[in-house]
Amino acid sequence: AHGLKLSAVMMQRAPYFDDSFISPRTRNQAVTDLRAEKDLSVDLTYNLRLPAIRMRASLYYANITDQTKLISFYDDLNNAFSNFAMSGIDQRHYGVEVGFNVPVLPTLAIEGAVSWGDYTYSSNPTFTQTRDNNASILAENEVVWWKGMKVESTPQFASNIGLDWQPGNNIYISLDAGYYDKMYLSMNPLYRTDAALVGRVPAAQAAAGQPTTEAMMAQERFDPAFLMNASIGK
């Protein structure tokens, strides 16, 4: 049997309290230009169910706009604990996912899945930085140069293949291997502001040993990860 399904969603979500108020411990002040987050997502899925194989493949696209993020940290340059409030954060996600199950014997099957995606920031948000205890402004309506950077934390490529054996008497035995890549470290927005880039030039124009824009804005990528899992149960 073959099946094709198209899904789409358009929604708004109110910002979370923690990202809306700059420092609720000390004052009643909301983030500048606070908006509802907007999400447009589309998913096209193909399902195949035959005696010899079951498979599912999906294409997806998501556009997320007007996100807000608040980071609180001690700023060494200003000798103060500060609040770094960003607004107008946009993201674009798209990719493909494939999963399958192939029976080899009545009690043994090969299972696998592959997911590839590209998740990037699609805007340069603005930020306002204030002192935590007295609301004095350290920087206002400036830009964080995030456009084109990768969304952090989650692997953007993942694959898994394994064996699932169920010999009977409610016993199951499985062995699978997974490989993960395209994982990025969460970025420090302060490093990607005009103030941090003062004195830096593009690498093509830099003299030997001169600090470059690319070096300051570079995003750390983790090494690929490989996992092997085995389990038995009843």
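Colleague: What makes the contact of E152 and K69 a salt bridge?

Modeller: The side chains of E152 and K69 meet at 3.8 Å, N to O. A salt bridge is a side-chain nitrogen of Lys or Arg within 4 Å of a carboxyl oxygen of Asp or Glu, so the pair counts. E152 lies in the loop between β7 and β8 and K69 in strand β3, 83 residues apart. Helices (H or I, at least four residues) and strands (E, at least two) are DSSP runs, numbered from the N terminus.

Colleague: What kind of model is this, and how are residues numbered?

Modeller: This is a predicted model, in which local features need pLDDT of at least 70 and side-chain atom pairs count only at pLDDT 80 or more, while totals for chains, interfaces and linings use all residues. Residues are numbered from 1 along each chain as its sequence is written, and side-chain values use heavy atoms, with hydrogens and water left out.

Colleague: Why is E152 called buried, and why is K69 called partly exposed?

Modeller: Buried means under 20% relative accessible area, exposed over 50%, and partly exposed in between (1.4 Å probe, protein chains only). E152 has 15%, so E152 is buried. K69 has 24%, and therefore K69 is partly exposed.

Colleague: How many salt bridges does the rule give?

Modeller: The count comes to 9 salt bridges. One of them joins R25 and D132 at 2.7 Å, N to O. R25 lies in the loop between β1 and β2 and D132 in the loop between β6 (126-131) and β7 (137-143), so this pair ties together parts 107 residues apart in sequence.

Colleague: What makes R13 and E37 a salt bridge?

Modeller: Their side chains meet at 2.5 Å, N to O, which is within the 4 Å of the rule. R13 is in strand β1 and E37 in strand β2, 24 residues apart. R13 is partly exposed because its relative accessible area is 28%, whereas E37, with 13%, is buried.

Colleague: How do you know that β4 and β5 pair?

Modeller: Two strands pair if DSSP finds at least two bridges between them, and β4 (residues 80-105) and β5 (residues 108-121) have 14, so they pair. Their sense is antiparallel, and they form a hairpin with 2 residues between them. In this pairing N101 stands opposite E111 in β5. Strand β5 is also joined by 9 bridges to β8 (residues 157-168), again antiparallel, with I110 opposite L163 in β8.

Colleague: Why is M10 called exposed?

Modeller: M10, in strand β1, has 69% relative accessibility, so M10 counts as exposed.

Colleague: Why is Q219 called buried, and what is Q219 in contact with?

Modeller: Q219, in the loop between α1 and β10 (225-233), has 17% relative accessibility, so Q219 counts as buried. Contact means heavy atoms within 4.5 Å. Leaving aside neighbours within four places in sequence, Q219 is in contact with M149, K150, Y184, L185, M187 and R192.

Colleague: What makes F21 partly exposed?

Modeller: F21 has 27% relative accessibility, so F21 counts as partly exposed. F21 lies in the loop between β1 and β2 and touches N28, Q29, A30 and L70, not counting residues up to four places away in sequence. The C-alpha atoms of F21 and L70, 49 residues apart along the chain, are separated by 8.5 Å.
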